[in-house]
Amino acid sequence: MKKDIQISYEYFKNSSELSDIEKKLFEKAKEARENAYAPYSQFFVGCAVLLENGEIYSGNNQENAAFPSGLCAERTTLFWVAANFPDVKVKRSS
C-alpha cells in the first residue's frame, strides 16, 4: 500500500509573527522539553501537536544508554497520539 504524505513548514523571524495557537503550541513544546531525558547529548527537545478535535498533546526526546539510539520528541509525541487517538488527525505541530 502506498500513502502520500504532505509536509509543509513556515519560517518566522520572531514570535510576534506567530498566531495565538502557534504561540500556545510553542509554549507547550517548551514545557515538554523540561522533562526530556537526554543525559548523554544534553540536547533537550519538546514537541506539541494540535489535533483536529482541538486537543493539544506534547512529548519529548528520550535517550538510551546505547547512545545515540533513542527516540526524538516528534516520534514520541506522534506515537502516543496515534496509539490513543487513532482516528483523529494532527492539524498542526510545533
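Biologist: In which loop is Y37 found?
Modeller: This is a predicted model, and in it the elements to look for on either side of Y37 are a helix and a strand. Y37 is found in the loop between helix 1 (20-33) and strand 1 (46-51).

Biologist: Is Y37 buried, partly exposed or exposed?
Modeller: A residue is called buried under 20% relative accessible area and exposed over 50%, with partly exposed in between. Because the relative accessibility of Y37 is 43%, Y37 counts as partly exposed.

Biologist: Which residues make the nonpolar surface patch of about 320 Å²?
Modeller: A residue needs over 30% relative accessible area to belong to a patch, and Y37 has a relative accessibility of 43%. The nonpolar surface patch is made by Y37, Y40 and F67.

Biologist: How far apart are the end C-alpha atoms of helix 2, and what span should its residues have?
Modeller: Helix 2 covers residues 73-84, which makes twelve residues, and at 1.5 Å a residue these should span 16 Å.

Biologist: Which residues of helix 2 are buried, and how wide an arc do they cover around the axis?
Modeller: The buried residues in helix 2 are A73, T76, T77 and V81. They lie on the same side of helix 2, because around the axis they cover an arc of only 125°.

Biologist: Which residues are exposed on the other side of helix 2?
Modeller: To count as exposed, a residue must have over 50% relative accessible area. On the other side of helix 2, the exposed residues are F79 and A83.

Biologist: Which strands do the buried residues of helix 2 pack against?
Modeller: The buried residues of helix 2 are A73, T76, T77 and V81. They pack against strand 1, strand 2 (56-60), strand 3 (62-63) and strand 4 (70-71).

Conventions
Residues are numbered from 1 along each chain as its sequence is written. This is a predicted model: local features need pLDDT of at least 70, side-chain atom pairs count only at pLDDT 80 or more; totals for chains, interfaces and linings use all residues. Side-chain values use heavy atoms; hydrogens and water are left out. Patches are made of residues with over 30% relative accessible area and no salt bridge: like charges are joined within 9 Å, nonpolar side chains (Val, Leu, Ile, Met, Phe, Trp, Tyr) within 5 Å. Accessible areas come from the Shrake-Rupley method with a 1.4 Å probe; for residues, only the protein chains shown count as cover. A salt bridge is a side-chain nitrogen of Lys or Arg within 4 Å of a carboxyl oxygen of Asp or Glu. Helices (H or I, at least four residues) and strands (E, at least two) are DSSP runs, numbered from the N terminus. Buried means under 20% relative accessible area, exposed over 50%, partly exposed in between (1.4 Å probe, protein chains only). The expected span of a helix is 1.5 Å times one less than its number of residues. The arc is that of the directions from the helix axis to the C-beta atoms. Contact means heavy atoms within 4.5 Å.
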